[in-house]
Structure formats: structure tokens, C-alpha cells
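Colleague: I'd like to learn how to read a few features off a model. Could you walk me through some?

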Amino acid sequence: MEFRYTPTEIEAKWQQAWTDAELSQTPETSDKPKFYALSMFPYPSGNLHMGHVRVYTIVDVIARLKRMQGYRVLNPMGWDAFGLPAENAAIERGVHPAKWTYQNIDQMRDQLKQLGISFDWTKEVATCSPDYYRWTQWIFLEFFKAGLAYQKEATVNWDPIDQTVLANEQVDADGRSWRSGAKVERKLLRQWFLKITDYAEQLLTDLDKLKGWPDRVKLMQANWIGKSTGAQVTFTTEAGDEIVVFTTRPDTLWGASFMVLSPEHPLVEKLTTPEQAEAIQQYQEAAAAKSDIDRTAEGQEKTGVWTGSYAINPVNDQKIPIWIADYVLMDYGTGAIMAVPAHDQRDFEFAKKFDLPIKVVVQPPDQTLDAATMTEAFPGEGVMVNSGVLDGVPAGKGKGQSVEAAIAFLESKQKGKGTSNYRLRDWLISRQRYWGAPIPIIHCPKCGAVPVPDSDLPVALPENVEFSGKGGSPLTQLESWLNVSCPSCGTPAKRETDTMDTFIDSSWYFLRYPDANNDQAVFDRTITNDWMPVDQYVGGIEHAILHLLYSRFFTKVLRDRGLLNFDEPFERLLTQGMVQGRTYKNPTTGKYVLPAEIKDATNPIDPATGEKLEVVFEKMSKSKYNGVAPGDVVDKYGADTARMFILFKAPPEKDLEWEDADVEGQFRFLNRVWRLVTESGVGRAINRVSTHGNLSKPEKDLRRSIHTAIKEVTEDLQGDYQFNTAVSELMKLSNALSDAQKDSPVYAEGIDTLLRLLAPFAPHIAEELWHTIGHSDSIHTQSFPIVDPSALIADEKTIVIQILGKTRGTIEAATAIADDKAALEQFARESEIAKRYIEGKEIKKVIVVPGKLVNFVVV
């Protein structure tokens, strides 16, 4: 009886069956080894896109494979649910952010279930739920108790559209907001920070522990942390105030001819003379209007104003003028630099513009520099000159060179010390919006910043608020929520109205999953330490610096607070490539054209202008009209086809180009598998071959194909997870079975093996066919096939017979004969092929390649 492959019926049936059987739930206790498979949780926008399908399919294959290989598996899912889109939706639609968010969560959960992803939904978390952000607030207070959370007035990145502060990492290279795209402004506000800089060295050195991470991601983090070594040097003003600078080249101190402070430096007001006051104030106002990107961009014209004051160079007691300039940032280093124009290009350009002294202290080995004729700075190495005790010392950072000597001199005179500096800044976490976790601090006029007692957590978001998008956060306007008593002294006080950056929520969610329903603690330490670290994490490269760095930071802090017993949260990291769609673009206007408006796909023309369009593959996007809705693909072909295409089209770390023809190809393959199994005649009484002495040659060849597939698929699913080549091996095995005799126990073994190999990739069709051949248990509770090495050994080898280098046919030779040169020559001479072509002819020479060919050279 023939059954037609109807994925929509099959998939819904088995999804319900798996749910009823609780197949995806995490074992609470087990003597099996653990495997924590994790995908980066999504923002609940309301609809899955193909990028989601790719990442969750990848993780699901891994999770299903590990279950079949005997692991207890945790494969959870949740929602990164706080953030600006929900609040903006509330403003635009007149709906509360919570209602909008939970509607989206329900919709996306249903979409994920239709894909057959084996998530343990009993572990589900949503960061906007009070049951979750209660513990986010508790963790913040742990940072506060450890002295790692503090508030200060700072110049911050302000998004004028979203009306909130952004961390430095959330501003792109063009000085625009990562979310709204607005040009970022600078504002002076009192803000909350986390001291990630206290962990800069650990975050850097522990990158070496991450053997399972892509080198690219580790390099991005190392560059962002940005360690540089040098010296901290103290200059003194004429009034006696100290100005501390960090320099990587303390050996050039003798060439420092002026100082530059950030316009925001706290000493600027004191150093400014009355004559310079107006110019300084105007410059400070102009600098405040620029972003950090604009201020430090390469090629920017150098601007600055002299304060009217001088500092004393600590190595030669010379007076040098103190300037302010916007290319010096207050939140990088100390907000002050010593300027050595002869050996730093930025200082050189500044000195030339404002006619400041230039003094050479490093002479290159092959020329003599004259400050009066220099056209650019010389930053290279050579020998020290005009440098007092360093004269004649080789210039450089190596042992016995000038940098080392300069640090020794400064430390001996107590004028400086060797140290390191980091590009990494403390993490600014304050956000002036409603839809986030409230910072659990009460501001008391007597006690200062007082933590909300643990018993009063969560500090819940009030629901009776209005969303206008104007006037800052609604929390600042809700007097009934804002005004409270101080927990310490009872004095009337006020709540903190800032909420936390949503990256706080995602910096610890993976720690909550193992014990997601705990209402007594952030998590049970025994449970979370048992499951952690995550064995395989999968997500986008765009999170290399923000989320992945912050998660590592949180892990180390919570370890130091006695909650965790490991150093790093993620053992292995896979950053999957983007899903790209075919895109039609006008090269002149840069506008995209709807595919439906293209009359001839082989010669695409812009219907509006008549110009020939570019056809390129770009990241799927609504604005580019190149997106493919996952639901449409599932409705037409089924979830298994969508999964198989996603896995087969490209290696997981590479970008994937969506082609409908390739989707059709995978659908046809699954149909072939369907027909192969349903027409196989194989029933439940599969005789898995245990003895092989009496197998025919075709049976031996088939068994070799079966175990070659097991070997190759298993290897492809280790390490770098080459799903595309694994699917190719499944196709090869399917072809081998299609050509084989059906009345053999080896054939039955092949059908059994094909289905079990296929199960992690296409779980629904594998389950249906498994039951079709008579099984009652789920295929996903079976063991993954294990290779039999003996099946890979060929008893015979195919030998090519050549006459004068021309192939005349092939013969089968026992392996022992084929690998023996003399025996193979004799065997070939006696073959019917050789006799036919060499009979009556003189053999001048015989060329034998053991195991491969015999070539007779005849006259």
C-alpha cells in the first residue's frame, strides 16, 4: 500500500505526540553526561525570519543528535523581551508594551513549534516578566554590594529619537544609534555604570581558554578591550595641581612641548585664565555637540584653545602650555595627554597649526631629523637624543631599550610608574525609558543611594502610565510610584527612575534556564553549576562585543560572589552566517524593486526607469523586497524541507543564498526517501546484521556504503558541524539503497540506519517512516548509529586493465592479491580482458600500481 508524503499532516501529528510524551523535557537527574545546547534568544518582534530558522535548526540538530548519542540535553528557549521597540509600539498604537510583547511571544512560540524545534518549553523565560527581572534586580544589587555598580555625572551618548542614553558599544562607526540610526548627541547626565574595567585583564587573558570560539570573535573582543602598556606620569601645574597622563612612549617625555586636556577635564575651569575664559567656554560648548566618533576621526582638522596656564615637565622641569582640544576624550585614559609633536602625527599637526615647539628626541638610524624642516612626525625607532639620561639608548619597547629605561627612571624618581591602560570603558547601563528593569535603588537625602531590600523585590513596573514619547520616561512623572520612604532611616525619598540597559537581561539568562522556575533564588547553585558552562552556543557575529563580552563579565562577577564555580559561560561558539535573498537593485538610484514587478528574470529591467537592474544576494529585509516568510515555506513544503535546505545550502558559518530551486531539490529528496522506505517491504523484524561471513559481494558493498555514511555523518557532526556535507552523505546512502536488492538483511539494516541518521535533520518524516516500518517507540529515543570498522574494509578491489596506457576494462581482485605487486601482475595476465588483447603479442613491459591498475606494454 502506497502512502503519499504529506508533510503538513505528518508534522502537526508528531509535534503533538512529542509534546504529550515530553520528549524534549530536560532530565532532572541522570547518570548520563550533560550537554547544554543554546541558541541566542530572540527579541519578540512578532514574526520569525529566516535567520531565526537557521540558528534554531542548527541547535536543534545538535540537541537531537546528542540525545541519541546518550547525553542528557538541555535545549531551552526564552525571550529578550524588554526594549525600545515595545515602548515605541505603545506610543504608536496606544497599547501597553506588555500586551504588545506577550502577543508577539505567543505568535513566535507557535511559529517555532511548527518548525519541530525540540525546545524544553518548561524552561521558558521572558526577561520582561517580574518573575525574571526580580532576579535581574537582585544581581544588580550584588554588583552594588561588591562596589561594581556606581552612579556618576558623565557626558553620555544621547539618542534624540529614542530619547535615551546609549553605551559606547551601541554607537556605530558613523556616530549613529545602533537601533534608531539617529546621529548621537552628547549630554551631561547622572548615570549608573558597572565596573567592567575591573575585569578588563581577566576578560582579555581568559580569551586563551576559549578553544572552541572563532578566532575572529576573540580578536574583536581583544581589540575592544584594547590593552596597551606604558607608564602613568604625573605633571604638576604652576599652581600645584597634578595632571596624570598615560603614555605608551614614556621615553619621549623629554620631547613633550605642550599638554592637551579634554574640554570636559575637571581642572579646565581652574586652569583657565580670565583672558581665555570666553574662548574656552565657546570651545567646550562646541565640543559637547560632537560625538566621540566625530571628535576622534582620522583626518579631522585639529582645533583647540590655550587655557593660559602651564605645567611642569617632570623629567626636565620645563614649562609647557596646557591646551584643551576635542580629540582628547575624558572617558578614555585620564582625559589628558602629553604632546610630543616630533613623534606623534596628531600632535605634529596640532603643533604646526598653533605654532607650538617641536623637539626631536628620537633619531632614525639612517637620517638626521631637523624639527625646523620636518613635514610629518617620525613615530619609528632609532636612538634617543636630547633626552638626558636616555641619550644613546636604542629607542623601542624591547628589553634594554628606551621605554623600559624610561619607566625605570620615572619609578626611581617617583615621578611615574609602569602600568597598563585599556580602551574598554565602564558599562553605562542607565536608560531613560519605561520598558526595562527598574534599577532597585532609592535616593535618600540623608543616606544617599540605598539598595531596595531583597524582600521588596521585584521593584515592579507600574501599569498606570501614559506613553506619549515626550518629556522623558513616564516613571519620572508618576508621583505615587516615585515617592517612597528610605528603607534605612524612613525619611521621604525617591526611587531611581532609570531602567537598565536590556543587555543586562541577556547577560545572565543562560544561568536561569537550568532552574527557570525557582521562585526562592536566582537559581539553585548546584543545578546551574551542574549544567554550565554551555557546551554549544549558536548566534550572530553581531553580538561578538556587546552580548558575548557582557555575559563573560557577569559570569566572572557571579563567580567571585560565590554563585558559580566556572570562569567562562560558553565552551563552544558557532556564529552562523546570514540568510540572503535574491535582490533586484537599480545601480543608479540605489532603490530596490519588487520581484513581482520583474517581467523577465533573465533580463531584469526597472519598470520605472527602464534601466537594467543589478541582481545580487543581500541579507533578507523588508526594505529590499527579498525576504521569504518561513510560514510560507512550511505551508508549501513542510518544516523538514525548510530545515534540510537551511542545513544543506551552505556551511553554518557562511552566508546562505536562498534559492527556491534548491528548496524544491530538498523536497524531492525527502519524497525519494519516503518512496524508498514505504516501498521497501521492510517491517519491524529488521535483522540488524551481526555475522557477515556469507554475504554476497553486492551485500558487502552495500554494507560498506551504510557504514561509510555512518562514519562520514558522525565526523561531520563533530567539531565544526558541517551539516551540508552530512546531508550529502544521506543522499549517497539513499542512492545506494535505491540501487540495492530489497530481500537482504543488509538492505533492512540500511533502511534502519538511513532513518536514524536522518532523524536529527528531518525529525518528522524520520519519525513517521520509523513507525511505518513497524516501530512503536519514537525514533528520537533510539541510539545514533555507530560505525562498524570491519564493514569499511573491502574484501576485493577493482583493478583497471590497460593496454598501452588505454583502459580496456576492470577486474575484481581479492585485497590480498590486489595489494601484492607480483601476485596482481600474474592475476591480471590470466584475466579474460588481458588474454583478449595480448594473445599473440610480445609483452615488452608491465606497469603495476598495487590496488589500482595493471598496464601491459605490448608490441
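Modeller: Leaving out residues up to four places away in sequence, Gln-363 touches Thr-368, Leu-369, Gly-382, Val-383 and Val-385. Before we go on: this is a predicted model, where local features need pLDDT of at least 70 and side-chain atom pairs count only at pLDDT 80 or more, while totals for chains, interfaces and linings use all residues. Residues are numbered from 1 along each chain as its sequence is written, and side-chain values use heavy atoms, with hydrogens and water left out.

Colleague: Is Gln-363 buried or exposed?

Modeller: Buried means under 20% relative accessible area, exposed over 50%, and partly exposed in between (1.4 Å probe, protein chains only). Gln-363 has 13%, so it is buried.

Colleague: And which backbone atom lies 2.6 Å from a polar atom of the Gln-363 side chain?

Modeller: The backbone nitrogen of Leu-369.

Colleague: How do Arg-433 and Pro-274 read on that accessibility scale?

Modeller: Arg-433 counts as buried because its relative accessibility is 9%. Its contacts beyond four places in sequence include Glu-87, Asp-162 and Thr-499. Pro-274, at 72%, is exposed.

Colleague: What is a nonpolar core, and which residues touch the most other members in the largest one?

Modeller: A core is a set of buried Ala, Val, Leu, Ile, Met, Phe, Trp, Tyr and Cys residues joined through side-chain atoms within 4.5 Å. In soluble globular proteins, nonpolar side chains tend to be buried together. Here the largest core has 180 residues, and Phe-140, Leu-194, Trp-427, Phe-553, Trp-658 and Phe-761 touch the most other members. Helix 2 (residues 50-68) gives the largest share of this core, 11 residues; helices are DSSP runs of H or I, at least four residues, numbered from the N terminus. Apart from this core lies another, of 54 residues, including Tyr-327 and Leu-410.

Colleague: How do helix 18 and helix 20 pack?

Modeller: For packing, axes are lines fitted to C-alpha atoms over the stretch in contact, and angles run from 0 to 180 degrees between N-to-C directions. Helix 18 (residues 630-637) and helix 20 (residues 660-678) pack at about 35 degrees, with axes 11 Å apart.

Colleague: Which residues meet there?

Modeller: Val-633, Lys-636 and Tyr-637 in helix 18 meet Val-663, Glu-664 and Phe-667 in helix 20.

Definitions and conventions
Polar contact = N/O pair within 3.5 Å; in protein donor to acceptor, adjacent residues only side chain to side chain. Contact = heavy atoms within 4.5 Å. Helix = DSSP H or I, 4+ residues; strand = E, 2+ residues; numbered from the N terminus.
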